Amino acid sequence: MAKTRSGGGLTRTQQAAKFLGVSVLSGAVLAGIALPAAGALGLAAKGTVEGFDTIPANLKRPPLSQRTTILDSQGGKIATVFSRDRTVVDLKDISPYMQKAIVAIEDNRYYEHGAVDMKGILRALNRNVQAGGTAQGASTLTQQYVKNVFVEEAGDDPDKVAEATQQTLGRKIRELKYAIQVEKELGKKKILENYLNITFFGQQAYGVEAASQRYFSKRAKDLKLEEAALLAGLVQSPTRYDPVNDSAEATKRRNVVLQRMADIREISPAEAARAKAAPLKLNVSRPKNGCITAVSGAGFFCDYVREIFLNDPVFGKTKEDRAKIWNQGGLTVRTTLDPKAQKSTQASIKDHVYKSDKVATAVTLVEPGSGKVLAMGQSKPYGFGNNETQINYSVDKKMGGSNFGFPTGSTFKPFLAAAALEEGRPPTQVYSAPYQMPYPDRIQTCSGKPWVNAANEKLENENDKEVGPYPLREAMNMSVNTYFVQMLQDIGMCPVAKMSEKMGLVQGNGKKIPEVPSTLTLGSTGMSPLTMASAYATFANRGTYCTPIAIESITAPGGKSLPVPKTSCSAAMAEQTADTVNTLLGGVVDSGTGKEAGLKDGRDNAGKTGTTDERKNAWFVGYTPNLSGAVWVGSPTQRVKMENITIGGKYEAKVFGGQVPGPIWKDAMSGALAGKDSPQFRTVHIPEAQKDKGEDEGKPDKNKGRDKNRPGGDNKPPGRGDGGGDDGDDIFGDWP
């Protein structure tokens, strides 16, 4: 009966027998002897390659994950992102010292043996028996390379990584078999090049080029002897020998490598001695990875680009396919971001809203007619610290945004007006628009089943001096709530719902806008600034809606171009309708609620203000013929009421859409448009509405006694009623 060592381990004889079994099996592979059934060796396990006798192409030319560079529209770098920090280089661009050092410490007989080193196996066997354990391995550099390929393919999937590194006889046989074929087809120099590009060197650095930059801030071809020895020593245990965290241990390991190089006569004893005496002299470059490093506050746009890639089928049939391409990297992504517009946007945000404020702002600029997203920013920076976030307030939830978007208030009214004009209502349309009124008893919907005001909900205008009748132009300028509810009752909800759909309007959670009066008149549902900017761009583009795009082109490793999503444009309304809305909204910035947002220097512009219940959200959405922009200011959690509040260092008794978002829009747009053409809108003549004689008799002056601090009636009614309220805690659930 065999004896065991204290502790229950195998005896030296048993260890020798076990290791010898592997050796014999290795010899069988080398000799080409037929192997036992695949199942007996574990070769049928999940993850093995089909056709065991044929080397997979990915072992000869493995697709290594590399950095992806994201550029703006002018070719300037926005950010560098990577799953694994790696830059693939040719062998000629790797220091000869590095080539010699890695061979010396990992496989000093590399150029003498084949894929499997039988002499090395016997040497390791002898030393392990003497040590009473596993003191030395016997894998050749080629075998290590093969193993690394399978680990690389596993990516960040822990199950696949475990499978690629599992200590089974089947995996070792597969590794040996492929090592033999790799040597035959690639040769020693190419294998060494591939190995140095695939190996992990610690500190997030994969491949020798990234490692050289990380530890010494230099190219791999410029590594000195002692630097190369340090990097070569890391491969065995990047954590244990990490020079950044343990310089003493790293120095010992470096000197072991130098001594090995001297022992096999790759360097002289004098060279080894000089190198051993040299200090480490690290010049560490910290990894700059991800959208957090983006310039000009473009971190959220950078993240939006990544989300587009991961979600659009143009980049792959499944999300897994797309993620694999993105994580593999090596891409050059040229985007639509205009550096001047982005800088202007971020500067305006910084001037008006501080990151430490109780509320936040998000701004998005879009080019009418092309759908190009030119700028995207917000006051809470991209990051993980205090007053930072990774939630992109400018986009929908599926693209990394808030759960529901943010209620838009009266910025929704122009969509209703467009639907009414399309239904044949004149731009002089007059409604009685009382100060207060109940919602209509019933309003028709697309389903044919009318919405019914079962709870007898009421609404009112911003103050009791707003009493009709009003024509459309005046109602739009003053943002009169009751006027637009009467308009909705007149035309029904289906035309508005259809118009909204044609203009790309969806809730922040991706669902259709519900057919309820407060949603389709007073903007009680949540939407994103990107959605709103793109929809208003339809007016600027004379009725044609274009889906937003953020990517111009993508170049893959080797210079191959990848297909990218294209904008899709379609007519949402007649040109005459859009021209009429442009005329109406031009009055808003000239003399209405958006007067503080109006652009100067003769540049045509139009827009609309919006404020929601309890002033938790304030908007300004506006445009010129060549640029559309949306600004939201509010509480991401929908719990902060913007009354008696300081924003950007300025006290605000009450926040309105034209008062805080308006100036942000004005400054962002002015900088973005500086030096660009000033095209004009095609406006229409809207005659003064004819009122019945005496209809104003006995009614108060609409302007007399109005709140002088109030830019206009851009607020919603206070009631929740049909689900149109937006007090966040109950209606919208978990924010943002």
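The tour below goes from the whole chain to single residues.

**Before you start.** This is a predicted model, in which local features need pLDDT of at least 70 and side-chain atom pairs count only at pLDDT 80 or more, while totals for chains, interfaces and linings use all residues. Residues are numbered from 1 along each chain as its sequence is written, and side-chain values use heavy atoms, with hydrogens and water left out.

**The whole chain.** Show the chain as a cartoon, where the secondary structure comes to 24 helices and 22 strands; helices (H or I, at least four residues) and strands (E, at least two) are DSSP runs, numbered from the N terminus. Of the 736 residues, 54% count as buried, a word that stands for under 20% relative accessible area, with exposed over 50% and partly exposed in between (1.4 Å probe, protein chains only).

**The cores.** Next select Tyr304, Tyr483 and Phe539, the residues with the most contacts inside the largest nonpolar core, which has 96 residues. Such a core is a set of buried Ala, Val, Leu, Ile, Met, Phe, Trp, Tyr and Cys residues joined through side-chain atoms within 4.5 Å. Helix α14 gives the most to this core, with eight residues. A second, separate core of 55 residues includes Ala179, Ile198, Tyr241 and Val257. In soluble globular proteins, nonpolar side chains tend to be buried together.

**Aromatic pairs.** Rings of Phe, Tyr and Trp (its six-membered ring) pair if their centres lie within 6.5 Å, and planes under 30 degrees apart count as stacked, over 60 as edge-to-face and the rest as tilted. By this rule there are 20 aromatic pairs. Select Phe300 and Tyr382, whose pair is edge-to-face, at 5.2 Å centre to centre and with 70° between the planes. Phe300 belongs to helix α14 (residues 299–311) and Tyr382 to the loop between β5 (373–378) and β6 (406–407), so that the pair links distant parts of the chain, 82 residues apart. Both Phe300 and Tyr382 are buried. Then go to Phe309 and Trp326, a tilted pair at 5.1 Å centre to centre, with 50° between the planes. Because Phe309 lies in helix α14 and Trp326 in helix α15 (residues 319–328), this pair ties together parts that are 17 residues apart in sequence. Phe309 counts as buried because its relative accessibility is 1%, and Trp326 is buried with a relative accessible area of 9%.

**A helix residue.** Where does Thr521 lie? Select it in helix α21 (residues 517–522), where Thr521 counts as buried because its relative accessibility is 0%. Leaving aside neighbours within four places in sequence, Thr521 is in contact (heavy atoms within 4.5 Å) with residues including Phe412, Lys413 and Leu416.

Finish with strand β18 (residues 606–611), where six of its six residues are buried. Ala606, Lys608 and Gly610 point one way from β18, and Gly607, Thr609 and Thr611 point the other way. Strand β19 (residues 617–624) pairs with β18 in the antiparallel sense over six bridges, where two strands pair if DSSP finds at least two bridges between them. Look across from Thr609 to find Phe620 in β19 standing opposite, and then at the five residues between the strands of this hairpin, where Glu614 takes a positive phi near 60°.
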